[in-house]
There are 2 protein chains.
Amino acid sequence: MSQSEMPTARTCVVREPHRGVYDRETAYRILDEGFVCHVGFVADGQPYVIPTSYGRSGDNLYMHGSVASRLLRHMKDGAPICVTVTLLDGLVLARAVFNHSMNYRSVVVLGKATLVEDPPEKLEALRVLAEHIIPGRWADARQPNEREMKQTAVLKLPIEEFSAKIRTGPPIDDEEDYSFPTWAGVVPLRLTMGEPIADARLVAGQKVPEYARHYTRAR
Amino acid sequence: MSQSEMPTARTCVVREPHRGVYDRETAYRILDEGFVCHVGFVADGQPYVIPTSYGRSGDNLYMHGSVASRLLRHMKDGAPICVTVTLLDGLVLARAVFNHSMNYRSVVVLGKATLVEDPPEKLEALRVLAEHIIPGRWADARQPNEREMKQTAVLKLPIEEFSAKIRTGPPIDDEEDYSFPTWAGVVPLRLTMGEPIADARLVAGQKVPEYARHYTRAR
């Protein structure tokens, strides 16, 4: 069962409202398939949009970065931010230029991020981040030491005010355009992985792990 | 020859400054390979980040949308915006959790967008947008009529204040970690196309055009 929530005036999808989705289940499926978000914050009246990785655990998004980064400096004081995740599914070629579109799934989360300072919670957030991006990797890698933990800032954004927007399916043309003599349809798009490239200084005998050999974002 | 420009305090890459790139040639190559940007704008102190398609012509980015959209409503009055384009190239698996990274190329453009109102310039901007996303399509599709032109808002953002950030290559671990017994390397990622899906109401005899059959973003 999907748990639908009332959008706020800020998250209500204005344009093409039939594409707006407000249930957590759908939004979380999109958030779990993606792993790079675009974070918006404001500094001196100027908006900035920065790509960064993220992880989800329950009703929270986690992001991390160097304590020295502009992004982290501006987010950690509880300023309002916007986290947007977009998955591209296809180019939609209609008969009319005007009706061209894209198939996509996106989620927008508005809120204020807080710095995760409690060491066990911070370590767990880093595990969530690693496992979100490539499940299985955390256990195989050298764990963070104290110095690294100090250099890393972790932010938590509660998923409270959010909306999703989805377009799927074929082009939708005006009725009189269906006789227009051009090809129309969808060119599907997908993020795919290539053959893993082993580091030149690998310890002898290390094989490509399954999670890297068959990496996929399908969830 | 690449034309390098001085970054401003706002576009100077703070974190990992060796990854900052400020020449137009590099930035334009990234902008031309991408076709979806994330636009940041501020409304009532809240930043919003919205995915949208774009096109580049010379030193300008063009975006379009319904005159009814929130994005367009907030951008057309010359408010400061940020347009970010990110291309994902790979997951970088290091020995240490801390040194995990991604290979990517991104461009950030700061500035103020203006509404394109002159009809010939507006039509040309729509052509630039269509051809940026799928070269060859414009000529094959039914051209915009007067009603559609009125419903569409086109925005122009001059590419003046910008920076690019690029990470390529293998993981970089601390020297003492190279003996850590785990696989390390890069999982390449790429946006790929699937088999075009013809619309169910296609006029008889329409074949998939070359630009849709062999769609690629490589430029």
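Two strands count as paired if DSSP finds at least two bridges between them. Strands (E, at least two residues) and helices (H or I, at least four) are DSSP runs, numbered from the N terminus.

This is a predicted model, in which local features need pLDDT of at least 70, side-chain atom pairs count only at pLDDT 80 or more, and totals for chains, interfaces and linings use all residues. Residues are numbered from 1 along each chain as its sequence is written, and chains are lettered from A and ligands numbered from 1 in the order in which they are written.

**Stop 1: a sheet in chain B**

Select S4, S5, S9 and S8 of chain B. These 4 strands form an open sheet in that order, with antiparallel pairing. Look at the edges: strand S4 (55-57) and strand S8 (114-115) of chain B each pair on one side only. Now zoom in on S4(B) and S5(B), residues 60-66. They pair in the antiparallel sense over 3 bridges. Which residue of S5(B) is the bridge partner of Ser57(B)? Pick Asn60(B).

**Stop 2: the core**

Select Tyr62(A), Val107(A) and Leu155(A), then Tyr62(B), Val107(B) and Leu155(B). These have the most contacts inside the largest nonpolar core, which has 118 residues. Such a core is a set of buried Ala, Val, Leu, Ile, Met, Phe, Trp, Tyr and Cys residues joined through C-beta atoms within 7 Å. Buried means that 20 or more other C-beta atoms lie within 10 Å of the residue's own, with C-beta atoms placed from the backbone.

Stay on Tyr62(A). Beyond its neighbours within four places in sequence, its contacts (C-beta atoms, placed from the backbone, within 7 Å) include Tyr54(A), Ala125(A), Val128(A), Leu129(A) and Leu155(A).

**Stop 3: where the chains meet**

Show both chains. Here 83 residues of chain B are in contact with 84 residues of chain A. Among the elements giving two or more residues to chain B's side are strand S6 (80-93), strand S7 (101-112) and helix H3 (119-133) of chain B. S11(B) gives the most, 9 residues. Next, select S11 of chain A (residues 185-193) with S12(B): 2 bridges join them, and they run antiparallel. Val186(A) stands opposite Ile197(B) there.

**Stop 4: the axis**

Methods: Two residues are in contact if their C-beta atoms, placed from the backbone, lie within 7 Å. A residue is buried if 20 or more other C-beta atoms lie within 10 Å of its own, exposed if 12 or fewer, and partly exposed in between; C-beta atoms are placed from the backbone.
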